[in-house]
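Here are some exercises to work through with the model open in your viewer. Try each task on your own before you read its solution.

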Amino acid sequence: ADEARIAFDNLSERATGLFHPTLRLGVAGLSRAGKTVFITALVHNLLHGGRLPLFAAQAGGRIGRTYLEEQPDDAVPRFQYEEHVRALLEDRLWPDSTRAISELRLTIEFESASGWSRMFSAGKLSLDIVDYPGEWLLDLPLLEKDFARFSKEAVERARLPGREALAGDFLAILDGIDPAAEADEVTSARLHSAFAEYLRRCRADTTALSTLPPGRFLMPGDLEGSPALTFGPLNVDPAAAPYPKGSFGAVHARRYEAYKSVVVKPFFRDHFARLDRQILLVDVMQAINAGPAAVRDLEAALADILACFRPGRASWLGSLLSRRMDRILVAATKADHLHRESHRRLEAVVRRLVEDAIRRAEFSGAQVDIVAMAAIRATREANVEDGGERLPVIVGTPMAGEEIAGRRFDGQTETAVFPGDLPEDPARLLKGEVRADPLTFVRFRPPRLERTAEGLTLSLPHIRLDRALQFLVGDRLA
Ligand code: GDP
């Protein structure tokens, strides 16, 4: 039934597409990777004729009108673009981050570059931008696991040495529950909160694994408190399973199956399977700063996420994807925290991080590109002399309360920061053979609008947002 429905949806979407071409662009990334900032910057630059020299249609003056339109999906919240722009421009504060799925349709009227296609093309493209938490993609592997296996893996990981501080509360509650005993709601809810809290601590604690499923326990969306989310792993004894009706073992196993069927599958079927292209945002600098374990962990999470983009044909998801994603961009975000001289190295680290995953997932047929980018550039570059040595620095206004070397900022003062260097060889960095000096990493306030070359329009400054746009939509405006 899933397949038939998707096929029908795709068919009707394509039929409409003949008259009105659309492109569904997925924007994913783990929490705080920069999804909200990216979408807001992209839309603002397109609506206001931003400075985008690498975006061919814009640079060639072929873009006519751009405007926001009613989105195609009535049941998906709208991306709160206007609110985010107001925060950025009026308050110079970063907007609220992504917490669930949202969508925005931006329509671009353009002139084709070649006269021949100009005769046939309507010269109009609707870009449907779908913003969703990358955490949700980590749930895909759960579809192939039953409750006993999920429990076993989750409990084994929580018992790894060095996890006491993170998992202690959860394990204490877990060990107090006999899976064969009669279930009660209060205990189930306590187990769930302790387990979810442990997963969140893993995210916050940079020495531990940061990205453990279930994804909705980290990013619940609007389902918090529903039975499909109120469960946790148990000390399941395979010899004793299946547990009697009404026992913890039976109730939690049933809720786990519900989680898969009412939470995980609908997301992949109704939203993910319909994407044409995807940008995956990655905050690498944060991981590098946290040390080699965090970097390896990020690598593992990215591999899981990328595996969703190219599932095996025989898998549940593979059978749903009647159209396959043809372009995937992996973008290291917040490159404005480094001097331009380090951008190549940042790209090299990301390339190294996703290399194996890309090879494994057989991305043949899809173009994959990697870019170091800042959707919004909050700093500018400068050089300072330090004892005869030239130091490349970045200059920005740290947010109120940020600290560098004991100095506390008030949110009004511009300052020069030497961000530090990324190591030359990313492979050795990932293996932990060399350790990067901690980068000086403070949050800067968003910038003011800058004047474009024409001197007429004001635009949000960025680094390589135009390259990302060209890769993701450029060919559809050719
Ligand atoms: P989301 O959870 O993926 O939606 O993440 P956000 O887009 O809300 O970004 C999280 C935080 O990262 C923001 O509040 C900013 O502090 C920072 N950030 C994101 N993108 C950029 C960028 O391009 N430049 C700078 N300097 N900071 C950014």
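**Exercise 1.** Find which residues of helix 2 meet which residues of helix 4, then describe how the two helices pack.

*Solution.* Start with the contact list, where two residues are in contact if their C-beta atoms, placed from the backbone, lie within 7 Å. Helices here are DSSP runs of H or I with at least four residues, strands are E runs of at least two, and both are numbered from the N terminus. Sorted by class, this contact has 4 nonpolar, 4 polar and no charged residues. The classes go like this: Ala, Val, Leu, Ile, Met, Phe, Trp, Tyr, Cys and Pro are nonpolar, Asp, Glu, Lys and Arg are charged, and the others, Gly among them, are polar.

Next comes the geometry. Helix 2 and helix 4 (residues 81-90) pack at about 95 degrees, and their axes are 10 Å apart. That makes helix 2 roughly perpendicular to helix 4 (65 to 115 degrees; under 35 would be roughly parallel, over 145 roughly antiparallel, the rest oblique). The axes are lines fitted to C-alpha atoms, for helices over the stretch in contact, and angles run from 0 to 180 degrees between N-to-C directions.

Two housekeeping points before you go on. Residue numbers count from 1 along each chain as its sequence is written. The model is predicted, so local features need pLDDT of at least 70 and side-chain atom pairs count only at pLDDT 80 or more, while totals for chains, interfaces and linings use all residues.

**Exercise 2.** Which residues come nearest to the ligand, and which helix gives the largest share of the shell?

*Solution.* Count a residue as near if its C-beta atom, placed from the backbone, lies within 6 Å of the molecule. There are 20 residues around the ligand, and Gly34, Lys35, Thr36, Trp94 and Ser97 come nearest. Helix 2 (residues 35-47) supplies the largest share of the shell, 3 residues. The class tally for the shell is 8 nonpolar, 7 polar and 5 charged residues.

**Exercise 3.** Work out the strand order of the sheet with 7 strands, then place the helices on it.

*Solution.* Strands pair if DSSP finds at least two bridges between them. The 7 strands run in the order 2-3-4-1-5-6-7, giving an open sheet with mixed pairing. Strand 2 (63-69) and strand 7 (367-372) are at the edges with a single partner strand each, so one side of each has no neighbour in the sheet. On average, neighbouring strands are turned by 20 degrees against each other, direction ignored.

Zoom in on one pair: strand 1 (residues 22-29) and strand 5 (residues 277-282) are parallel, over 5 bridges. Within strand 5, Gln278 is the residue opposite Gly26.

Helix 2 lies across strand 1, strand 2, strand 3 (102-110), strand 4 (124-131) and strand 5, at about 25 degrees to strand 3. Helix 14 (residues 343-360) also packs on the sheet, touching strand 5, strand 6 (327-332) and strand 7, and makes about 150 degrees with the direction of strand 7.

**Exercise 4.** How many residues does each domain give to the contact between domain 1 and domain 2?

*Solution.* Take the bounds first, which come from an automatic or database domain assignment: domain 1 is 2-132 + 271-377 + 462-477 and domain 2 is 138-262. Their C-alpha centres lie 32 Å apart. The contact uses 14 residues from domain 1 and 12 residues from domain 2. On the domain 1 side, helix 12 (292-309) and helix 13 (316-320) are the elements that give two or more residues, and helix 12 has the largest share with 6 residues.

**Exercise 5.** Where do Pro214 and Arg92 sit, and what do their backbones do?

*Solution.* Pro214 is in the loop between helix 8 (185-204) and helix 9 (215-218). A cis peptide bond joins Pro213 to Pro214, with omega about 0 degrees. Arg92 belongs to the loop between helix 4 and strand 3, and its phi is near 50 degrees, a positive value in a residue other than glycine.
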